[in-house]
Amino acid sequence: MRTIAANDLVEAVLDECHKPLRGRMDRIAAVVRPAGGSEVRLFALLPDRLRTQEADRAFLLCDDRVVRLRDDSGANAGGPATPAERTRVQRLRLLLDVATFGPLHRATGCRRLGDLEFELSQPEGPPWTLRLRPDNLLPAALAGPDGEVRIVDYLRTSTTWIAKHLELDGLGVCDVHLELGGLDWTPDFFAPPDEPRNTAEPVLRIAAPGTAVAETRSPTPILVEGRAAQWICVPDAGTWPQRVAAYKPLHEELERQDQLIAGFPIFWQEHGRHWLAAPFRQRPDGPAFQAPDGWQIRAVPAGKWLVVYPKDGELAGKLAAGERLLREALTQRGLEPQGAILAQPFVQLQEGEPSPEKLAAPVVRMSVALR
């Protein structure tokens, strides 16, 4: 790294790792699994706004203030966090900020400290320290006033290097899944602690094929206005290794052409055949997708959808429960379906096979279009 001038270092690292993501990493959602701990969902406007959600508790961080949004009894909404809870939420914010390379994206200047170390000036507050891996441009660690986060491993795509496993004192080595597109929160989602107006389940737009109104993870079927989207469709071979092999090239081609990934992979059955699709949309003012020869593209129009998130159980049980709930709702409400029932397990097939632990208790979105 001695050959790169300090003034060029930040641009070089971001071009190598996040070139198609520039300007989009401060508004982020993520799923984090700390070492030996349960899964935590994070929603952030970095660097100073964060909501965390676990099975029995949720917190809001605004600047350096942390309040409890709810606990497992539904009480204590708006109450102060304990010192231990405050510290943990701040650590999660630090972890997510580094996972998204926030200090690099915000850097206003760079000064060399050593062969592999650089000081990054920030718009506000003290500088951060960046340490690179030997012989490449991948950050090994970022350290700020609240601590150092070490990047243990990366997810490599055709156009990016995304921090995948990160280590922070107090959390250990954490598995991090970033959700990079289609996020849109209600205006009060990050309301200041002294004005808590939205203390229920986090509300965000989850696209599959893309929702035009806020959607909660409702365990009973709800109506959703869906936006138009496109799907790349391939036969579903039925095993996770085969699904990864089929889906990964689709995801990489969408990233290469700077398309907006519009949700998790979609599974359905139609005319006796099983299918797998990668949903996407063209970015505003972005390039239109140019389908390679032989690819099957399906245009999905805007319209009404019936959506449900089955509550408990492993994947097969949730798929069966979701289909049953949707069919019952269609009958009871006199609604006419248009097309097949779709299943969206929240799995990142571009990263490889989902773990047995993931499949034992996955989030699953089930939906069906309406006439």
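## A cis proline

Pro 47 sits in the loop between β2 and β3 (49–53). Strands here are DSSP runs of E with at least two residues, and helices are runs of H or I with at least four residues, both numbered from the N terminus. The peptide bond that leads from Leu 46 to Pro 47 is cis. Its omega is near 15°.

The model is predicted, so local features need pLDDT of at least 70 and side-chain atom pairs count only at pLDDT 80 or more, while totals for chains, interfaces and linings use all residues. Residues are numbered from 1 along each chain as its sequence is written, and side-chain values use heavy atoms, leaving out hydrogens and water.

## Aromatic pairs

The whole structure holds 11 aromatic pairs. Rings of Phe, Tyr and Trp (its six-membered ring) pair if their centres lie within 6.5 Å; planes under 30 degrees apart are stacked, over 60 edge-to-face, and the rest tilted. One of the pairs joins Phe 43 and Phe 189. The centres of these two rings are 5.6 Å apart, with 85° between the planes, and the pair is edge-to-face. Phe 43 lies in strand β2 (residues 40–45), and Phe 189 in the loop between β12 (172–179) and β13 (222–226), so the pair ties together parts 146 residues apart in sequence. Both Phe 43 and Phe 189 are buried, meaning under 20% relative accessible area; exposed is over 50% and partly exposed in between (1.4 Å probe, protein chains only). Phe 43 and Phe 189 also form one aromatic cluster with Phe 190.

Tyr 154 and Trp 161 make another pair. Their ring centres are 6.3 Å apart and their planes stand at 90°, so this pair is edge-to-face. Tyr 154 is buried, at 8% relative accessible area. Trp 161 is partly exposed, at 22%.

## A charge over a ring

Arg 243 lies over the face of Trp 240. It is 4.5 Å from the ring centre. A charge sits over a ring if NZ of Lys or CZ of Arg is within 6 Å of the ring centre and within 35 degrees of the ring normal.

## Positive phi angles

Phe 101 is not a glycine, yet its phi is positive, near 60°. It is found in the loop between α2 (83–99) and α3 (102–105). Phe 101 is buried, with 0% relative accessibility.

His 271, also not a glycine, has a positive phi of about 55°. Its place is the loop between β16 (266–270) and β17 (273–281). Is His 271 buried or exposed? His 271 is exposed, at 80% relative accessibility.

## Nonpolar cores

A nonpolar core is a set of buried Ala, Val, Leu, Ile, Met, Phe, Trp, Tyr and Cys residues joined through side-chain atoms within 4.5 Å. The largest core has 51 residues. Leu 9, Leu 95, Leu 96, Leu 166 and Leu 178 have the most contacts inside it. Helix α2 gives the most to this core, with seven residues.

What does Leu 9 contact, leaving aside its neighbours within four places in sequence? Its partners are Ile 4, Cys 110, Phe 118, Leu 130, Leu 132 and Leu 137. Contact means heavy atoms within 4.5 Å.

## Cysteines

How many disulfides are there? The count is zero, where a disulfide is a pair of cysteine sulfur atoms within 2.5 Å. Cys 17 is buried, at 0% relative accessible area. Cys 62 is buried at 4%.
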